[in-house]
Amino acid sequence: MSAIEAPATTAAVRVLDVVRRFGDRTVLHELDLVIDRSEFVVLLGPSGCGKSTLLRLLAGLDLPDGGTVEVPRERAIVFQGDRLLPWQKVWRNVTIGLSGSGARQRALDVLGEVGLADRANAWPKTLSGGEAQRVALARALVTEPDLVLLDEPFSALDAITRLHMHDLVRELHRRHGAAMLLVTHDVAEAIGLADRILVMNEGRIGSSYSVCLSEEDRRSSQAREDLRGRLLADLGLAGRR
C-alpha cells in the first residue's frame, strides 16, 4: 500500500479504511479522514492513539498496511524540532528542496512573511526557539504546498511565544490557502487555530467539531468554554480547568 496523489478536483486529503500495524499492535484501525482544500484541521488525542502515525502516512514518511491514502503532490511537514541545518545560513535552510534562479528571492520573500527578513544571513545557532520555528514554517511554505502537516511544532516554546506563533500561523493560512493538519495535545491551541477539531482515540477518529467562532470568541466566550468542556470530556479529562 502507498500514498497516492489526490485528483485535483477532490478534497486535499482522503483517507479510507487505513490500517497501520507495528508487530502485533494495530495503531490505526480502518481510519477514515477527509480534509477539504484550504481547511485547517487540528487533531487531538492521548499519547499513543496514532496521531503522529497518521501524520507520517500523509507526509509519505510511512506506508499503510491497508486502505487508501490520497494526498496532494505538493506537501510539507513542520516537526516539533526545527531541524535546521547548522552549517547553512537561514535563507539556505529555507531553499532546501527548491531549485531555480529565483530560489534565493523566494526564500527572502517568505522569510519576510514570517518576520525574519533581517535574519536571512544569520546562522541557525544564533536564533531563538521561536525564530527557528518561524524559519521551519518558511521552509514549509516556500514551495507553495497544497497541504502543510504540523507535528506539535510549538510544544517546546514558552507560552507567550506560542501565542505569537498561533497568530502567525493563522495569518499564513489565510495568505497561502493551503490545507493544514496540526497534531497537538493542547486543547486551547486547537480552539485557537482550527476550522475543525478531530478527537482521535484507539486508532480511529472519534468526534468532530466545527469551530465557528470569531477571533475574539476563540480567546474568551461561553461558546469557547462549552467547546473546551466537550473536548476535555472526549479526552477523558472532564472537570479539568
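Predicted model: local features only at pLDDT ≥ 70, side-chain atom pairs only at ≥ 80, totals over all residues.

User: Let's start with the layout. How far apart are the C-alpha centres of domain 1 and domain 2?

Analyst: The chain is split into domain 1, made of 35–60 plus 145–236, and domain 2, covering 84–143. The contact between them draws on twelve residues from domain 1 and eleven residues from domain 2. As for the C-alpha centres of domain 1 and domain 2, their separation is 25 Å.

User: What share of the area buried between domain 1 and domain 2 comes from carbon and sulfur atoms?

Analyst: Interface size is often quoted as the accessible area lost when the parts come together. Between domain 1 and domain 2 that buried area is about 1000 Å². The carbon and sulfur share of it is 74%.

User: And the charged side of things: which side chains meet in a salt bridge?

Analyst: Between domain 1 and domain 2 the count is one salt bridge. Polar contacts across that interface come to three residue pairs, both partners at pLDDT 80 or more. In the salt bridge, the N to O distance is 3.4 Å, and the side chains are those of E113 and R175.

User: Which element gives the largest share of the side of domain 1 that touches domain 2?

Analyst: Two elements give two or more residues to that side of domain 1: strand 7 (147–151) and helix 5 (159–176). The largest share is seven residues, and it comes from helix 5.

User: Back to E113. Is it buried or exposed?

Analyst: E113 sits in helix 3, which runs over residues 103–113. Leaving out residues up to four places away in sequence, E113 touches R106, L168, L172, R175 and H176. Its relative accessible area is 19%, and the cut-off for burial is under 20%, so E113 counts as buried.

User: How many residues of helix 1 are buried?

Analyst: Helix 1 spans residues 51–59 and is mostly covered. Its buried residues are K51, T53, L54, L55, L57, L58 and A59. Just after helix 1, G60 takes a positive phi of about 85 degrees. Out of nine residues in helix 1, the number buried is seven.

User: Next, K89. What separates the C-alpha atoms of K89 and K125?

Analyst: K89 is in the loop between strand 6 (75–78) and helix 2 (90–94). At 28% relative accessible area, K89 is partly exposed. Apart from residues up to four places away in sequence, K89 touches A120, N121, A122 and W123. K89 and K125 are 36 residues apart along the chain, and their C-alpha atoms are separated by 9.6 Å.

User: Last one. How far apart are the C-alpha atoms of R14 and L231?

Analyst: R14 belongs to strand 2 (residues 13–22), and with a relative accessible area of 37% R14 is partly exposed. Beyond residues up to four places away in sequence, R14 touches L33, V34, T68, V69 and E70. R14 and L231 lie 217 residues apart along the chain, and the separation of their C-alpha atoms is 24 Å.

Notes
Residues numbered from 1 in each chain as written. Heavy atoms only, no water. Buried < 20%, exposed > 50% of the residue type's maximum accessible area, 1.4 Å probe, protein only. Helix = DSSP H or I, 4+ residues; strand = E, 2+ residues; numbered from the N terminus. Domains from an automatic or database assignment. Contact = heavy atoms within 4.5 Å. Buried area = accessible area lost by both parts, 1.4 Å probe. Salt bridge = Lys/Arg side-chain N within 4 Å of Asp/Glu carboxyl O. Polar contact = N/O pair within 3.5 Å; in protein donor to acceptor, adjacent residues only side chain to side chain.
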